[in-house]
Amino acid sequence: MQKITQNVYAETKFGGCNPGFVVTSGGVVMSDTPQIPTDALKWREAIAKFGPVRYIVNNEPHGDHITGNYFFKGAVISHEGTRQAILKYSSAEAGERYKTTSPADYTLMKRFKYRLPTITVTDEMTIYLGNHTIRIMHLPGHTPYQLAVFVPEEKVLFTADNVLYKFPVYLQHAEPFAWIESLKKMAKLDVEFIIPGHGEVCTAAYLPEMITRVQEWIDAVNVLIKKGMTLAEVEKNFTFRDRYAPQPGREATASIVVKANITRLYEVLKNKQK
Ligand SMILES: [Zn+2]
């Protein structure tokens, strides 16, 4: 666990997303939850020293941000679209991935049920808790339902996967143009530290690079579409590689991600031409 500011902590070493939390005099507000059950228990123990968890914000619907809700107390907040997405997930299947790889995690998932958000946002909301202001903003991009948590007193922004620090960009469910606009909005906030969805904690100085990285993906697909290529041809002729290589051992997933990114960008850019 890393102490980021006086009252903000984050973890970047878990498998899955980077969870974080803010300690207020009125209790703890968490940003996302650890995906792996044994990590979730470690995280719960670490947080307990700082007070009761009052709220958990799920910043996006992807499983690595919301599965761990099950292990925590506190009211869960998300975008309405994230709640709708979780409603479609199968609780029975969630633990299967650990069956052969991790008996400890498999056991912890025996009675698992996705814990749904009970408070939903479609635009923006603010929680005043203790001496802190927790601004929860809808900033679509990596998915249409991305939230970001801004804590002005700490100058900290939790972005989930809208910011990926030196980590491959994932666009399968993205609204790429909205993503760039959301990153520009983030750059206007009085933020010092950013807790990204994946990769090390960074500062607001990284935002221009993140904008470039999303734009590079758009441009790489667009240049082939402009040559009149079909989706299959774009896939075949695609030579762009994300400037950040996949993590060791994740090479197989990386080619699936590239294909998913191309498919989504092709769909978005073709629709834009119409
Ligand atoms: Zn994600």
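**Entry 1: ground rules**

I am working on a predicted model, where local features need pLDDT of at least 70, side-chain atom pairs count only at pLDDT 80 or more, and totals for chains, interfaces and linings use all residues. I number residues from 1 along each chain as its sequence is written.

**Entry 2: the whole chain**

I looked up the secondary structure and found 9 helices and 13 strands in the protein chain. Here helices (H or I, at least four residues) and strands (E, at least two) are DSSP runs, numbered from the N terminus.

Next I checked the radius of gyration, taken over C-alpha atoms, against the globule rule of 2.2 Å times the number of residues to the power 0.38. For 274 residues a compact globule would come out near 19 Å, and the protein chain has 19 Å, so the two agree. I also noted that the C-alpha trace spans about 60 × 45 × 30 Å along its principal axes.

Buried residues account for 38% of the 274 residues. For contacts I used C-beta atoms, placed from the backbone, that lie within 7 Å. Of the contacts between residues at least 6 apart in sequence, 63% join residues at least 24 apart.

**Entry 3: Ala-75**

Ala-75 sits in strand β6, and β6 (residues 75-79) is mostly covered, with 4 of its 5 residues buried.

Which residues does Ala-75 touch, leaving out those up to four places away in sequence? I listed Tyr-55, Thr-118 and Ile-119. I also noted Pro-117, which is 42 residues from Ala-75 in sequence and 7.3 Å from it in space, C-alpha to C-alpha.

I count two strands as paired if DSSP finds at least two bridges between them. By that rule 7 strands form an open sheet in the order β1-β2-β3-β4-β5-β6-β7, with mixed pairing. β1 (2-3) and β7 stand at the edges with a single partner strand each, so one side of each has no neighbour in the sheet.

I then went through some of the pairs:

- β1 and β2 (residues 8-10) pair in the antiparallel sense over 2 bridges, and Gln-2 stands opposite Ala-10 in β2.
- β5 (residues 53-58) and β6 run parallel, joined by 4 bridges, and Tyr-55 stands opposite Ala-75.
- β6 and β7 (residues 119-121) pair in the parallel sense over 3 bridges, and Ser-78 stands opposite Thr-120.

**Entry 4: helix α1**

Which residues of α1 are buried? I got Pro-37, Asp-39, Ala-40, Trp-43 and Ile-47. A reminder to myself: an α-helix has 3.6 residues a turn, so residues three or four places apart point the same way. On the other side of α1, Glu-45 and Ala-48 are exposed. The cover over the buried residues of α1 includes β3 (20-24), β4 (27-31), β5 and α5 (103-108).

For a nonpolar core I took buried Ala, Val, Leu, Ile, Met, Phe, Trp, Tyr and Cys residues joined through C-beta atoms within 7 Å. The largest one has 56 residues, of which Val-29, Val-57, Ala-148, Val-149 and Leu-157 touch the most other members. Not counting residues up to four places away in sequence, Val-29 touches Phe-21, Val-22, Thr-24, Arg-54, Tyr-55, Val-57, Leu-129 and Ile-134.

How many residues of β10 (residues 147-151) are buried? I found 5 of its 5 buried.

β10 pairs in the antiparallel sense with β9 (residues 132-138) over 4 bridges, where Ile-136 stands opposite Val-149. β10 also pairs in the antiparallel sense with β11 (residues 156-164) over 3 bridges, with Val-151 opposite Val-156. β10 and β11 form a hairpin with 4 residues between them, and Lys-155 in the turn has a positive phi of about 55°.

Technical notes:
Buried ≥ 20, exposed ≤ 12 C-beta atoms within 10 Å, placed from the backbone. Contact = placed C-beta atoms within 7 Å.
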